[in-house]
Amino acid sequence: MTDSNIIKLTAAQIAEKIASGELTAVQVTEAHLARIEAVDEKVHAFLHVDREGALAQARAVDEKRARGEKLGPLAGVPLALKDIFTTEGVPTTVGSKILEGWIPPYDATLTKKLKAADVVILGKTNMDEFAMGSSTENSAYGPTGNPWDLTKIPGGSGGGSSAALASFQAPLAIGTDTGGSIRQPAAVTGTVGVKPTYGAVSRFGMVAFSSSLDQGGPCARTVLDAALLHEVIAGHDPLDSTSIDAPVPPVVEAAKNGSVQGMRVGVVKQFRGEGYQAGVIQRFDESVALLKELGAEIVELDCPSFDLALSAYYLIAPSECSSNLARFDGLRYGLRTGDDGGRSAEEVTSLTREAGFGPEVKRRIMLGTYALSSGYYDAYYGSAQKVRTLITRDFEKAFEQVDVIVSPTTPTTAFPIGERADDPMAMYLADLCTIPTNLAGNAAMSLPCGLAPEDNLPVGLQIIAPALQDDRLYKVGAAVEAAFVEKWGHPLLEEAPSL
């Protein structure tokens with residue numbers, strides 16, 4: 001097979017061909033490294049490519065097969081890892097100057113699980129600094145382009161991972177989702193992204209932004225590939241105090257048996273209206289009609305507290321961030337500025353943070369510190385937590401009536417790089433539909449549902465399931481994906497312009 005054929009294969013197909021001996025893991029890795037070399041100068045999906053490490057992992061897979069050892073379901077499949085997970089011996093920057101050049105001495109639990117499953121890690125992907133943003137423009141190392149149109153954003157904070165998938169630089173990727181950072185990039189790049197139930201994937205070794213919201217998850221080009229990756233990375237971890245000690249839901253089985261026959265699917269009236277692009281609503285309405293055709297019962301839902309989700313999120317997340325980022329003081333690791341022997345530790349810390357943190361990170365630290373300060377805590381942070389409880393209750397009531405909820409993933413398609421850079425409020429609205437799920441801790445998926453007629457850019461359909469019922473996402477997602485591929489005659493990404 002030629003390199004151009006190999007990079008178009010799904011993760012499931014690659015694993016099958018490696019296991020049968022039709023392809024070697026080294027061949028597959030080299031094909032993807034060649035693709036990165038050819039296109040990533042334009043896309044800028046990667047911050048660091050670990051060529052030697054990836055080839056060494058691939059050779060180990062081929063040696064295993066030669067010895068007759070059984071290979072796992074993703075053995076030899078290349079993956080792009082968001083630069084928020086620690087990787088022993090490989091730089092981890094979180095898209096920030098404050099960690100520029102930092103080489104972690106240990107692997108995150110998720111990194112360990114990938115290596116144990118013989119997944120080949122190609123390198124670390126670009127992201128908004130400390131995962132704060134919806135466009136990957138807040139990276140200290142420059143923005144990433146959307147492979148559908150390089151002048152447009154690829155979503156954020158995990159735009160590097162979604163762009164790597166959409167430009168066929170990797171068949172699998174890892175993202176993290178605090179307020180929509182897996183799902184919104186998936187929506188605007190025509191890929192699949194899943195935010196598992198909070199606590200389903202270990203956060204040990206994942207650099208913290210907002211600890212009660214952050215969640216790692218799988219990114220892929222198909223629902224089945226996402227399920228295979230989900231099964232590898234999920235599971236209880238005693239090193240993470242928020243990790244759920246429960247069996248991983250049967251996500252792969254669900255992805256292989258997609259069906260919505262007899263399911264009740266909820267449509268929330270709060271997830272439309274002012275600010276939503278006409279083409280996004282059109283494709284969403286078509287998706288709802290398709291679900292009905294496939295045998296689902298559509299139920300309209302009213303969740304009034306969802307209107308308050310954005311405001312609550314932008315108090316809770318910055319508050320937790322101001323606490324978490326206090327550890328970056330220039331004294332222990334990462335950047336250190338102004339240490340000329342004549343300055344105090346406080347002065348060095350202040351100068352280091354001034355030089356190391358970008359504008360959006362500073363904005364959120366200030367917001368969070370203010371919200372947590374004496375006299376304001378109850379008025380701001382305390383009130384936001386009460387709203388969070390109301391949102392959770394609205395979800396609980398909704399899931400008494402339906403099996404899953406659907407909505408547009410994000411109100412618009414990809415917007416031009418720079419368009420919202422000076423307008424934080426406009427930027428924050430990109431996560432309008434995704435934030436309620438993070439506040440409640442439920443599971444959610446975004447998958448492509450077509451192109452918006454006005455700009456020919458991808459639109460995402462969001463599916464939300466109750467906590468620990470992640471398999472429902474894959475059951476519904478696989479059914480919708482199959483119906484759309486049949487309708488279009490090919491996967492959506494085949495319509496993307498070639499780079």
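Modeller: A search of the whole structure finds three cavities of 30 Å³ or more. On a 1 Å grid over the protein atoms alone, a cavity is a set of points where a 1.4 Å probe fits but cannot get out, and residues with an atom within 4 Å of a point count as lining. Grid points are joined across faces, edges and corners, and a volume is the space filled by probe spheres set on the points. The model is predicted, with local features requiring pLDDT of at least 70 and side-chain atom pairs pLDDT 80 or more, while totals for chains, interfaces and linings use all residues. Residues are numbered from 1 along each chain as its sequence is written, and side-chain values use heavy atoms, with hydrogens and water left out.

The largest cavity has a volume of about 80 Å³. Its lining consists of G199, A200, H230, A234, G235, H236, I244, A246, P247, V248, P249 and L468. By class, that lining has eight nonpolar, four polar and no charged residues; Ala, Val, Leu, Ile, Met, Phe, Trp, Tyr, Cys and Pro count as nonpolar, Asp, Glu, Lys and Arg as charged, and the others, Gly among them, as polar.

The second largest cavity holds about 60 Å³ of space. Among the residues lining the second largest cavity are M132, F209, Y313, Y314, R364 and D431. Here the classes are five nonpolar, five polar and two charged.

H230, from the lining of the largest cavity, also belongs to the contact between two helices: V223, A226, A227 and H230 in helix 8 meet D470, Y474, G477, A478 and E481 in helix 17, contact meaning heavy atoms within 4.5 Å. This contact comprises five nonpolar, two polar and two charged residues. Helices (H or I, at least four residues) and strands (E, at least two) are DSSP runs, numbered from the N terminus. Helix 8 (residues 223-233) and helix 17 (residues 470-488) pack at an angle of about 160°, their axes 9 Å apart, which makes helix 8 roughly antiparallel to helix 17. Axes are lines fitted to C-alpha atoms, for helices over the stretch in contact, angles run from 0 to 180 degrees between N-to-C directions, and those over 145 count as roughly antiparallel.

Helix 17 also gives the largest share of the lining of the largest pocket, four residues. A pocket is an open set with protein on both sides within 12 Å along at least five of seven lines. This one holds about 400 Å³ of space.

Technical notes. Angles under 35 degrees count as roughly parallel, over 145 as roughly antiparallel, 65 to 115 as roughly perpendicular and the rest as oblique.
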